[in-house]
Amino acid sequence: MNILHEPGRLWMESEDELLLAEVLYPEAADGLVEITHTFVDDSLRGQGIAGNLMKAVAEELRTEKKKALPVCSYAQAWFRRHPEYADVVR
């Protein structure tokens with residue numbers, strides 16, 4: 001499954017275009033995004049999909065020299081477990 005991208009959103013969908021997983025991170029201010037939502041369909045839970053999406057978001061933010069304000073509980077926990085991405089957290 002490929003990760004799809006548009007500004008403020010990374011997601012995965014099935015072959016018939018059903019949403020399977022996503023992370024929403026709209027821009028809140030210049031250079032700052034709020035990670036507001038993480039979703040993984042029950043059929044994919046426990047496979048590290050949400051973590052892969054979060055890592056992709058963190059890498060994108062690092063490349064773009066932006067900061068994240070983790071609002072959703074999964075994003076908060078993910079950043080606590082991955083201190084190597086502390087540089088992208090506000």
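Strands (E, at least two residues) and helices (H or I, at least four) are DSSP runs, numbered from the N terminus; two strands pair if DSSP finds at least two bridges between them. This is a predicted model, in which local features need pLDDT of at least 70, side-chain atom pairs count only at pLDDT 80 or more, and totals for chains, interfaces and linings use all residues. Residues are numbered from 1 along each chain as its sequence is written, and side-chain values use heavy atoms, without hydrogens and water.

Q: Which residue in the turn between E2 and E3 has a positive phi?
A: E2 covers residues 9-13 and E3 residues 19-24, and they pair in the antiparallel sense over 5 bridges. The hairpin they form has 5 residues between the strands. The positive phi, about 65 degrees, belongs to Glu17.

Q: Which residue in the hairpin of E1 and E2 takes a positive phi?
A: E1 and E2 pair in the antiparallel sense over 3 bridges, and His5 is bridged to Leu10. The hairpin has 2 residues between the strands, and the positive phi near 80 degrees is that of Gly8.

Q: Why is E2 largely enclosed by the rest of the structure?
A: Buried means under 20% relative accessible area, exposed over 50%, and partly exposed in between (1.4 Å probe, protein chains only). E2 is largely enclosed because its buried residues number 4 of the 5.

Q: What is the order of the strands in the open sheet?
A: The sheet has 4 strands with antiparallel pairing. Its edge strands, each pairing on one side only, are E1 (4-6) and E6 (37-40). The order is E1-E2-E3-E6.
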